Amino acid sequence: WDPGQVNRELQKYTSRLQNVFLDGSGHLVLRGLNTPYAGNTYTSGRIESNGYFSFKFGRVEVSAKLPAGIGSFPGIIAMGTTGTWPQCGELALVEQYGQDKSWFYASANAGTAIGSGSTGNVKYTFPNATTASSDFHVYSLDWTSDHIVFQVDGIEITRTTFATSSPFYTIPEYLVLDLALGGNMGGTIDSSAFPMDMVVDYVRVYSF
């Protein structure tokens, strides 16, 4: 989509191989660029499995390196297949805001009703500020019929329980990998940091 549709982000997502590609070493790369394209200053990559793959209950693991560039806003998310946000249910394994790359948020969002399972943003800080971009880490969640546990490298970040009225009990989820730029979460973009790459080694989903 075009810039500005979500959170005032500045990128245009494209289907070009410059923005989404395989690197020849078994990795998927989502690349943010600041070379003008079709009247847009910034372009980037996004992949979602909506309409192709969804699941309900199971374990998700994503091994990825996050971009080091200031102003990038990468996300690894599961989103409900029906309804509007947040009542559709969103499970954010990673949302890394743009100005400080030493931490990220994990969260469950399903509205404010009692038993929804919403957590708000839960912050995790890496032991080493550069580790998110210099090494692959495994971002995961375990989703059962009554609770969800978020982890990174096997370390529990947070957990939540939910009722049968929650979208997390009733609605399947699809997966989203994206690299946003600027906007409310990305903030000021460092123009010298391009290209900005989110490198994905694997995405695995296990059923319970």
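Visitor: Which residues does Met196 touch, not counting residues up to four places away in sequence?

Guide: This is a predicted model, in which local features need pLDDT of at least 70, side-chain atom pairs count only at pLDDT 80 or more, and totals for chains, interfaces and linings use all residues. Residues are numbered from 1 along each chain as its sequence is written, and side-chain values use heavy atoms, with hydrogens and water left out.

With residues up to four places away set aside, Met196 touches Leu30, Arg31, Gly32, Pro67, Gly69, Ile70, Ser72, Leu179, Leu181, Ile189 and Asp190. Contact here means heavy atoms within 4.5 Å. Met196 belongs to strand 15; strands (E, at least two residues) and helices (H or I, at least four) are DSSP runs numbered from the N terminus. Met196 is buried, because its relative accessible area is 2%; buried means under 20%, exposed over 50%, and partly exposed in between, with a 1.4 Å probe and protein chains only. Asn50 is 146 residues from Met196 in sequence, and their C-alpha atoms are 25 Å apart.

Pro195 sits in the loop between helix 3 (183–186) and strand 15. Most peptide bonds are trans. Another cis bond joins Trp85 and Pro86, with omega about 0°, and Pro86 is in the loop between strand 7 and strand 8.

Strand 15 covers residues 196–206 and also holds Val205. Val205 counts as partly exposed because its relative accessible area is 31%. Together with Tyr52, Phe53 and Val203, Val205 makes a nonpolar surface patch of about 410 Å². Patches consist of residues with over 30% relative accessible area and no salt bridge; nonpolar side chains (Val, Leu, Ile, Met, Phe, Trp, Tyr) are joined within 5 Å, and like charges within 9 Å. The areas come from the Shrake-Rupley method with a 1.4 Å probe, and for residues only the protein chains shown count as cover.

Now for the charged pairs. A salt bridge is a side-chain nitrogen of Lys or Arg within 4 Å of a carboxyl oxygen of Asp or Glu, and the count comes to 7. In one of them, Arg59 pairs with Asp142, the closest N and O atoms being 2.8 Å apart. Arg59 lies in strand 6 (residues 58–65) and Asp142 in strand 11 (residues 137–143), so the pair ties together parts that are 83 residues apart in sequence. Arg59 is buried at 18% relative accessibility, and Asp142 is buried at 17%. Asp2 and Lys12 also meet in a salt bridge, at 2.6 Å from N to O. Asp2 is in the segment before strand 1 and Lys12 in strand 1, 10 residues apart. Asp2 is partly exposed at 41%, whereas Lys12 is buried at 18%. Arg46, Glu48 and Asp178 are linked in a network of salt bridges.

Arg8 is not a glycine, yet its phi is positive, near 60°; Arg8 is in the segment before strand 1 (11–13) and is exposed at 63%. Ala38 likewise has a positive phi, about 50°, and belongs to the loop between strand 3 (28–32) and strand 4 (42–44).
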